[in-house]
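This briefing goes through one protein chain, topic by topic. Please keep the sequence and the 3D view open while reading.

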Amino acid sequence: MSTVKEDLGNLAEVMATMANDVNSGHVFTAHMTEITEGSENQGAVKFIDGDYEISYSYQVLPGADPMVTLTRYDEEYDYEQVCTNYQLREML
């Protein structure tokens, strides 16, 4: 399980782990994760698994134990999917 280091140096790895959990059946890696920073500690992220791509907006709440939030609006089901690295830790 990846946790966010205080310097956020492994943010792509943490978000790829989160996306793998949410999008079962796909394998995302840090090196195939494209982060577009919108402003400090938030922006957009695209996860790529071969021909499959999915995008989320992200936000990082910094601190000694930073929280990362991925949010995506699902048009097909008309709801907003939100997940955090805290939820992922609780499942392990």
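Helices (H or I, at least four residues) and strands (E, at least two) are DSSP runs, numbered from the N terminus. Read from the N terminus, the elements of this chain follow the order α-β-β-β-β-β-α, that is, two helices and five strands. The model is predicted: local features need pLDDT of at least 70, side-chain atom pairs count only at pLDDT 80 or more, and totals for chains, interfaces and linings use all residues. Residues are numbered from 1 along each chain as its sequence is written, and side-chain values use heavy atoms, with hydrogens and water left out.

**Confidence**

- The mean pLDDT of the chain (the predictor's confidence in each residue, from 0 to 100) is 88, and 89% of the residues score at least 70.
- Where pLDDT is low, the predicted coordinates should not be read in detail.

**Whole chain**

- Of the 92 residues in the chain, 36% are buried; buried means under 20% relative accessible area, exposed over 50%, and partly exposed in between (1.4 Å probe, protein chains only).
- The chain exposes about 5600 Å², of which carbon and sulfur atoms supply 46%; such areas come from the Shrake-Rupley method with a 1.4 Å probe, and for residues only the protein chains shown count as cover.
- Among contacts (heavy atoms within 4.5 Å) with a separation of 6 or more, 31% are between residues 24 or more positions apart.

- Five strands form an open sheet in the order β1-β2-β3-β4-β5, with antiparallel pairing; two strands pair if DSSP finds at least two bridges between them.
- Strands of a sheet pair through backbone hydrogen bonds, either parallel or antiparallel.
- The edge strands, β1 and β5 (79-84), each pair on one side only.
- From one strand to the next, the twist averages 25°.
- Six bridges join β1 and β2 in the antiparallel sense, and Ile-35 stands opposite Val-45 in β2.
- Helix α1 lies across β1, β2, β3, β4 (67-74) and β5, and runs at about 45° to β4; axes are lines fitted to C-alpha atoms, for helices over the stretch in contact, and angles run from 0 to 180 degrees between N-to-C directions.

**Aromatic rings**

- The whole structure holds three aromatic pairs; rings of Phe, Tyr and Trp (its six-membered ring) pair if their centres lie within 6.5 Å, and planes under 30 degrees apart count as stacked, over 60 as edge-to-face and the rest as tilted.
- The ring centres of Phe-28 and Phe-47 are 5.6 Å apart and the planes meet at 50°, so this pair is tilted.
- Phe-28 is in the loop between α1 (11-22) and β1 (33-39), while Phe-47 is in strand β2 (residues 42-49), 19 residues apart.
- Phe-28 is buried at 3% relative accessibility, and Phe-47 is buried at 0%.
- Phe-28 also forms a tilted pair with Tyr-52, at 6.3 Å centre to centre and 35° between the planes.
- Tyr-52, in strand β3 (residues 52-61), is 24 residues from Phe-28 and counts as partly exposed at 29% relative accessibility.
- Ring pairs link Phe-28, Phe-47, Tyr-52 and Tyr-56 into a cluster.

**Gly-43**

- Gly-43 is in strand β2 and is buried, with a relative accessible area of 18%.
- Leaving aside residues up to four places away in sequence, Gly-43 touches Thr-36, Glu-37, Gly-38, Tyr-56, Ser-57 and Tyr-58.
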